[in-house]
Amino acid sequence: MMSQIADEIKNEIKKRRTFAIISHPDAGKTTLTEKFLLYGGAINLAGSVKGKATARHAVSDWMEIEKERGISVTSSVLQFNYGGYCINILDTPGHQDFSEDTYRTLMAADSAVMVIDASKGVEAQTRKLFKVCTMRHIPIFTFINKMDREAMDTFELLDDIENELGIATCPVNWPIGSGKEFKGVYDRNTKKVELFSDTRKGTTQGEVRKIAIDDSGIHDWVTDGQLGQLKEEIELQDGAGARFDQELVSKGELSPVFFGSALTNFGVETFLRHFLAMTTSPLPRTSDQGEVDPMEEKDFSAFVFKIQANMNKAHRDRIAFMRICSGEFEAGMDVYHIQGGRKVRLSQPQQMMASERKMIEKAYGGDIIGVFDPGIFSIGDTLTTSAKRFAYEGIPTFAPEHFARVRQMDTMKRKQFVKGIQQIAQEGAIQIFQEFNTGMEEIIVGVVGVLQFDVLKYRLENEYNVDIRLDSLPYEYIRWIENTETELDKLTGTSDMKKVKDLKGRPLLLFVNDWSIRMTMERNEGLVLSEFGR
Ligand code: G4P
């Protein structure tokens, strides 16, 4: 039955744009984000978000704690308004911070912006994150950054994206030169050239100077050689490249590509404008009772995608970050926690802003909020005020890439050890596995980024008073067995393969290399292996 949804709420949701920025470290994600915020008026001058170690991590007190520990495991959300839109940017931590949270953040986004360094093309981290985007079929937009530096050939860059990531590309604009010879970008739609200007210093906004390609004045800016090359390249691209198709963009099969230079603030606003028009407002989400469409479901619903633990050591409190999928949120409201089977009050709701954490009164479908969690929520849990009590589809477990055997130094502290490691696993910071045939005696920990090993050791020592030793294992690949009827005893793998099970008792296989996976597939007909645990 369709329930009436107030226009006011509908409008709030319609103007939401919630996206994640993905990139390999140093491609320019922070710089681009900072320029976005500038256009939204969320910060006065570029530079406030910058200085990763200082400014960005000083945004909240719990991050302060992490700074003390010398680690960072937090990803944040920034909200600002621009051109009638309310924009939520989800930051996906890169570098050594890379963890499962990075992947999970993508589950909360409706689209993704991929930043690529023009001199490097597609890099490792982008490839990993991209996989999650394609799994979800969300729109992906490409910003090819650092055009003010010597760049790869434009066709080569596009080929790289198509071949490495398996997505078709459609350049919305086309660069003229690069590095010292960078003259700007040609808009394939308007047939105008946006002339390069470096507005790094002093100005709050990028300077936009445009000139039609057939205007004789163009020769004052662009050399004949470059104009000739541009015309040739455009002709080639028009003839052989994919055409813009909004439907394919929405399905995540075609990525609109833009060129620019975040540092000099060139091409950023152009990108932002096009991107906002081509991307999507909050999308329907799958639940156990079918799709929940924010334009049809009037009641509040949300799912937890991230749990930030122990902001206060004395209280073991946590913040659960949730993505609102439908309806309106009001501070202190009572909602039904599906997995817990009871009503809870969502208290101390907060939102991360550009420079601070602030308490909020209201939020809408598409927004991300963090609420106080007394230790009852798990990743993937659903909260709703709907009488239908549906549960959103869970968040898959992503394949860890580093494994270690955990040994407890003091066997007398068995209980604390098991409790601690289970709680930390519940928050989703690590995954734990057991030998297939034995119990909890042998525990194997799997992580997406090696930093999580240090986090685990630190937290067990400090919060649970348990010392551990981690012996790293040679495995690099883990695969869930999709066809669970497979009898694990009868499975014949390679000699270096290991059979384990996860906390839910699901069977998994650990491999040292790609070759072992292929051999095992060959030796066991019909075996279906997956990189995601559902
Ligand atoms: P990330 O968040 O993706 O890791 O990248 P970030 O924005 O921190 O950028 C990485 C480096 O690349 C920074 O330089 C930044 O100034 C530079 N950069 C970003 N966009 C552009 C661009 O369009 N052109 C050029 N030439 N450089 C760009 P850094 O020296 O590592 O840091 P900093 O000393 O400038 O802070």
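Biologist: How many residues does helix α7 have, and how far does it reach from its first C-alpha to its last?

Modeller: Before the numbers, note that this is a predicted model, in which local features need pLDDT of at least 70 and side-chain atom pairs count only at pLDDT 80 or more, while totals for chains, interfaces and linings use all residues. Residues are numbered from 1 along each chain as its sequence is written, and side-chain values use heavy atoms, with hydrogens and water left out. Helix α7 (residues 224-240) has 17 residues and reaches 24 Å from its first C-alpha to its last, close to the 24 Å expected at 1.5 Å a residue; the expected span is 1.5 Å times one less than the number of residues. Helices here are DSSP runs of H or I with at least four residues, strands are runs of E with at least two, and both are numbered from the N terminus.

Biologist: Which residues of α7 are buried?

Modeller: Gln226, Leu227, Leu230, Glu233, Ile234 and Gln237 are the buried residues of α7, where buried means under 20% relative accessible area, exposed over 50% and partly exposed in between, with a 1.4 Å probe and protein chains only. They cover an arc of only 130° around the axis, which puts them on the same side of α7; the arc is taken from the directions from the helix axis to the C-beta atoms. The face turned away from that buried side carries exposed residues, including Asp224, Glu232, Glu235 and Leu236.

Biologist: And α6, what span should its 12 residues have?

Modeller: At 1.5 Å a residue, the 12 residues of helix α6 (residues 154-165) should span 16 Å, and its end C-alpha atoms are 16 Å apart, which agrees. Buried in α6 are Thr154, Leu157, Leu158, Asp160, Ile161 and Leu165. They cover an arc of only 150° around the axis, which puts them on the same side of α6.

Biologist: What happens at the start of α6 and just after it?

Modeller: At the start of α6, a side-chain oxygen of aspartate 153 comes within 3.1 Å of the backbone nitrogen of phenylalanine 155. Just after α6, glycine 166 has a positive phi of about 70°.

Biologist: Which residues other than glycine have a positive phi?

Modeller: Aspartate 26 is one of them, with a positive phi of about 80°, and it lies in the loop between β1 (16-23) and α2 (29-39). Arginine 389 has a positive phi of about 50°, and it is found in the loop between β23 (382-384) and β24 (397-398). Histidine 137, which follows α5, also has a positive phi, near 55°. Most residues other than glycine have a negative phi.

Biologist: Where does the charged end of arginine 389 sit?

Modeller: It sits over the ring of tyrosine 336, 3.6 Å from the ring centre; the criterion is NZ of Lys or CZ of Arg within 6 Å of the ring centre and within 35 degrees of the ring normal. Arginine 389 counts as partly exposed because its relative accessibility is 42%.

Biologist: Switching to rings, how many aromatic pairs does the structure hold?

Modeller: It holds 17, counting rings of Phe, Tyr and Trp (its six-membered ring) with centres within 6.5 Å, where planes under 30 degrees apart are stacked, over 60 edge-to-face and the rest tilted. The rings of phenylalanine 141 and phenylalanine 275 have centres 4.8 Å apart and planes at 80°, so that pair is edge-to-face. It links distant parts of the chain, with phenylalanine 141 in strand β5 (residues 140-145) and phenylalanine 275 in helix α9 (residues 268-278), 134 residues apart.

Biologist: How do phenylalanine 271 and phenylalanine 275 pair, stacked or edge-to-face?

Modeller: They are stacked, at 5.7 Å centre to centre with 15° between the planes, and both are buried. Being 4 residues apart in helix α9, phenylalanine 271 and phenylalanine 275 are separated by about one helical turn. Ring pairs also link a cluster whose members include Phe19, Phe36, Phe141 and Phe275.

Biologist: Last topic, how many residues are in the largest nonpolar core?

Modeller: The largest has 59 residues, and Leu90, Met114 and Ile144 are among those with the most contacts inside it; such a core is a set of buried Ala, Val, Leu, Ile, Met, Phe, Trp, Tyr and Cys residues joined through side-chain atoms within 4.5 Å. Its largest share, 5 residues, comes from helix α5 (residues 124-136). A second, separate core of 28 residues includes Ile87, Val115, Val172 and Phe275.

Terms used
A polar contact is a pair of N or O atoms within 3.5 Å; within protein, one must be able to donate a hydrogen and the other to accept it, and residues adjacent in sequence count only if both atoms are side-chain atoms.
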